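Q: I would like a close look at one part of this structure, taken step by step. Please keep the wording plain.

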Amino acid sequence: MKPSADFLGRDVVSVRDFKREHLDLILQSVDSLEKHPGSLDGVLGGKLAVLLFFEPSTRTYSTFQIAAEKLGMKVSGFAGTSGTSVSKGETLNDTVKMFEGYGADCFVIRHPRMGAARFAAEVSGVPVINAGDGSREHPTQAMVDLYAIKKAFGKIDGLKVGMLGDLRYGRTSSSLAYALSNYDVDLTFIAPDALQMRPEVGQFLKQRGMTPKKESALKAVAGKLDVLYVTRIQKERIPDPTEFERVKGMYEVNLEALREAKPSLKVLHPLPRVDELATELDATNYAQYFVQAAGGLPLRMVLMSLILGGGK
């Protein structure tokens, strides 16, 4: 993987900041790393990655931590605010400045408030990677999702992609929709009205020349899709508990729901799942979500290496 001036020192706040050529370079580099495991091991030796996770995380935190360590970096920060000065009221600005003083070379930040990563990038003198902010953006998950699609089909252009679930409060679905606007795909949003994609996402896609279809039920489009991207209902982000009670359990993807699906359909899910994706799919050819999750490690290795100049 060769260094790219387009990536050196840059923040990763929104996937909207990346052109198709940038995304394609990332996907090609991940494919190369998977073919040549170990080719990036140790290339960022001596650097310090600071992971500031103000919200719970399993896959994103772990893959960034393992990625940084495989690249040779030291890792500091926290996975949850309990026991930190954040619980005493320390501001994000002060937390960033403190770790900068300890020699941070980059920050990876997950935060419940939208815009937190953008703010951190503005006050930090080193690159900031957004690992999820509020219900708005999760850019590196979108890159992982693109790679899972590319790995399954060898292409992204020309595919029919359905996005099912909590599209309103789920940050992975909006980020993936933004990322897919760089490709020639047919996009369908499948959700009840209360969970449909937010208007600003639709407006962005319209400006990019896309007109996604909207459906309330999977049955109407199941047989037409190449990719089905499923998300759980974001209980923790729905402001009204009565609204959650009204929509919970409204959909489940199982073998019966996919009875009309193409044999080549691939089901993706950013995980964790609750009750929206049946485990009976795990052993079928539909299941791409564990392959998708595994791709998070090499993708985050490639991204950190590009940003911090670790390519060979």
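Which element gives the most to the lining of the second largest cavity, and with how many residues? Please also describe the surroundings of that element.

A: The model is predicted. The element is H5, which gives three residues to the lining of the second largest cavity.

That cavity has a volume of about 30 Å³. Its lining is made up of Glu-34, Tyr-147, Ala-148, Lys-151, Val-291, Gln-292 and Gly-295. By class, three of the lining residues are nonpolar, two are polar and two are charged.

H5 itself is a helix that covers residues 139-153, and it packs against helix H10, residues 296-308. The angle between the two is about 120°, and their axes lie 10 Å apart. An angle of that value makes H5 oblique to H10. The crossing of the two helices is right-handed.

The contact can be followed residue by residue. On the H5 side are Thr-140, Gln-141, Met-143, Val-144 and Tyr-147, and on the H10 side are Gly-296, Leu-299, Arg-300 and Leu-303. Sorted by class, this contact has five nonpolar, three polar and one charged residues. Tyr-147 of H5 takes part in the contact with H10, and Tyr-147 also lines the second largest cavity.

The count of cavities of 30 Å³ or more is two, and H5 has a share in the other one as well. The largest cavity has a volume of about 60 Å³. Its lining consists of Arg-59, Gln-141, Val-144, His-269, Pro-270, Tyr-289, Gln-292, Ala-293, Gly-296 and Arg-300. Two or more of these residues come from each of H5, helix H9 (289-294) and H10. Here H9 gives the most, with three residues. The classes in this lining are four nonpolar, four polar and two charged.

To sum up, H5 packs against H10, supplies residues to the lining of the largest cavity, and gives the most to the lining of the second largest cavity.

Terms used. Residues are numbered from 1 along each chain as its sequence is written. This is a predicted model: local features need pLDDT of at least 70, side-chain atom pairs count only at pLDDT 80 or more; totals for chains, interfaces and linings use all residues. Side-chain values use heavy atoms; hydrogens and water are left out. Axes are lines fitted to C-alpha atoms, for helices over the stretch in contact, and angles run from 0 to 180 degrees between N-to-C directions. Helices (H or I, at least four residues) and strands (E, at least two) are DSSP runs, numbered from the N terminus. Angles under 35 degrees count as roughly parallel, over 145 as roughly antiparallel, 65 to 115 as roughly perpendicular and the rest as oblique. A crossing is left-handed if the near helix is turned anticlockwise from the far one by less than a right angle, and right-handed if clockwise. Contact means heavy atoms within 4.5 Å. Ala, Val, Leu, Ile, Met, Phe, Trp, Tyr, Cys and Pro count as nonpolar, Asp, Glu, Lys and Arg as charged, and the others, Gly among them, as polar. On a 1 Å grid over the protein atoms alone, a cavity is a set of points where a 1.4 Å probe fits but cannot get out, and a pocket is an open set with protein on both sides within 12 Å along at least five of seven lines; lining residues have an atom within 4 Å of a point. Grid points are joined across faces, edges and corners, and a volume is the space filled by probe spheres set on the points.
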